[in-house]
Amino acid sequence: MKIGILCYPTYGGSGIVATELGMSLANKGYEVHFISSALPARLDITNPNIFFHKVNVQTYPLFQYQPYDIALSSMIYRVVNLYKLDILHAHYAIPYAYAAFTAKQMLKEEGKDIPLVTTLHGTDITLVGQHPSYKHAVEFSINQSDTITSVSESLKKDTLQFFNIKKEIQVITNFIDNSEFDECMNCERKQFANADEKILIHVSNLRPVKRVEDVLQIFKNVNKKIKSKLVIIGEGPDMEKINQFLEENPDLIGEIRLLGKVNDLYKILQLSDVFLLPSEQESFGLAALEAMAANTPVISSNAGGIPEVNIQGETGYLAEIGNVEAMSNYTIKLLGDEKLLAQMKINAKQQAIKFDLKNILPIYEHMYQETLLEFKNKQKVDVLE
Ligand code: GMT
């Protein structure tokens, strides 16, 4: 089967999920074509089953805004034609589902068609997709998809609540390849903390929905009671809030390490004692799952799909969004009790194993087969009519 994957190259979890999915499919022998504005960050282009097609936006002095969506749909059209793709898989509705629909219309003009799967990831539904500038186009393109999947039950519920969706939404949760965590056991903890200190970690694209100010405040509270360091990984618009916090709390400058984007994420997660995810919105929380795969329990808010991943009192603790006091107290309780911490590290790993790639990849494969079958049956019916 030849699969076209449409995704963001870097920004956020949808690109990571799309890339990991595509690479796993390629390893199983599928031919996978990535169509994106840049080479996806984690993509291994040396795999002979993987192809990358860069969307080139032609600039022109007349354009106030560069027409990415037009260039994208043209590229989808060309790749489907040139490589005879069997199926398209759009990750994040805006603009991927919309551009894929347009490409399909171009193909139809030539008597060709191809099924489209759209995977809803998060803010395409819960935030940006609801803006009046996008809402109707998002709703339309979701409804035009042959198969719709969402990464959590919570996101499915939100989609049905906020949009008029006329098709079944299949939940296929995000996944993690636990085998990638077996390789990096020899990590240097002393690089980040002294032997008697605990390590708290936060990984995100530092947008307002991640509530980095809560991360900082939780750490401030915890640090008063427990010898500890905070590691923040990622870049984004709220970096300024971190700088401001450090200016206001100069005594914590030496306690907080800002690493930006890193290549060794899994290694650093394995060194950590607790992962903080106090998000305002989180359809799934892939970052929390990655932490758990590295044996790191999670202190989080109860936003969106997080409770489907982080289990209260088992893999960590959850509190209401913005309840910094509760999240601080939970962290202090966890880090102050070695037995509890050791047990929760084990539980976190066990939870990550439930979401292992080995369990989720066959669900994706089955979904592609079913989508193709239904699409072909529908085409036969259309011909008869
Ligand atoms: O909204 C984002 O943070 C970006 C978005 C994405 O498309 O990358 O992330 C969402 O998708 C991830 C992968 O499915 C989920 O794990 C994140 O929870 C989700 N983020 C939000 O809902 C805020």
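**Ligand site and local backbone geometry**

An oxygen atom of the ligand lies 2.9 Å from a polar backbone atom of L286, a polar contact (a pair of N or O atoms within 3.5 Å). Taken alone, the ligand exposes 470 Å², and the protein buries 96% of that; accessible areas come from the Shrake-Rupley method with a 1.4 Å probe. This is a predicted model, in which local features need pLDDT of at least 70 and side-chain atom pairs count only at pLDDT 80 or more, while totals for chains, interfaces and linings use all residues. Residues are numbered from 1 along each chain as its sequence is written, and side-chain values use heavy atoms, with hydrogens and water left out.

**Side-chain contacts**
- The side chain of T123 places an N or O atom 2.6 Å from an oxygen atom of the ligand.
- The side chain of N174 has an N or O atom 2.9 Å from a ligand oxygen atom.

**The shell**
- The ligand is surrounded by 19 residues, each with a heavy atom within 4 Å of it.
- The closest are G13, S14, T123, R207 and E282.
- By class, the shell holds 6 nonpolar, 10 polar and 3 charged residues; Gly counts as polar here.
- Helix 1 (residues 13-27) gives the largest share, 3 residues; helices are DSSP runs (H or I) of at least four residues.
- Domain 1 (2-175 + 357-384) and domain 2 (178-354) each supply at least three shell residues; the bounds come from an automatic or database domain assignment.

**The pocket**
- The ligand sits in the largest pocket, as more than half of its atoms lie within 2 Å of the pocket's grid points.
- A pocket is an open set of points on a 1 Å grid over the protein atoms alone, where a 1.4 Å probe fits, with protein on both sides within 12 Å along at least five of seven lines.

**Backbone geometry**
- I94 and P95 are joined by a cis peptide bond, with omega about -5°.
- P95 belongs to helix 3 (residues 93-108).
- Y92 is not a glycine, yet has a positive phi of about 85°.
- Y92 lies in the loop between strand 4 (87-91) and helix 3; strands are DSSP runs (E) of at least two residues.

Technical notes
A polar contact is a pair of N or O atoms within 3.5 Å; within protein, one must be able to donate a hydrogen and the other to accept it, and residues adjacent in sequence count only if both atoms are side-chain atoms. On a 1 Å grid over the protein atoms alone, a cavity is a set of points where a 1.4 Å probe fits but cannot get out, and a pocket is an open set with protein on both sides within 12 Å along at least five of seven lines; lining residues have an atom within 4 Å of a point.
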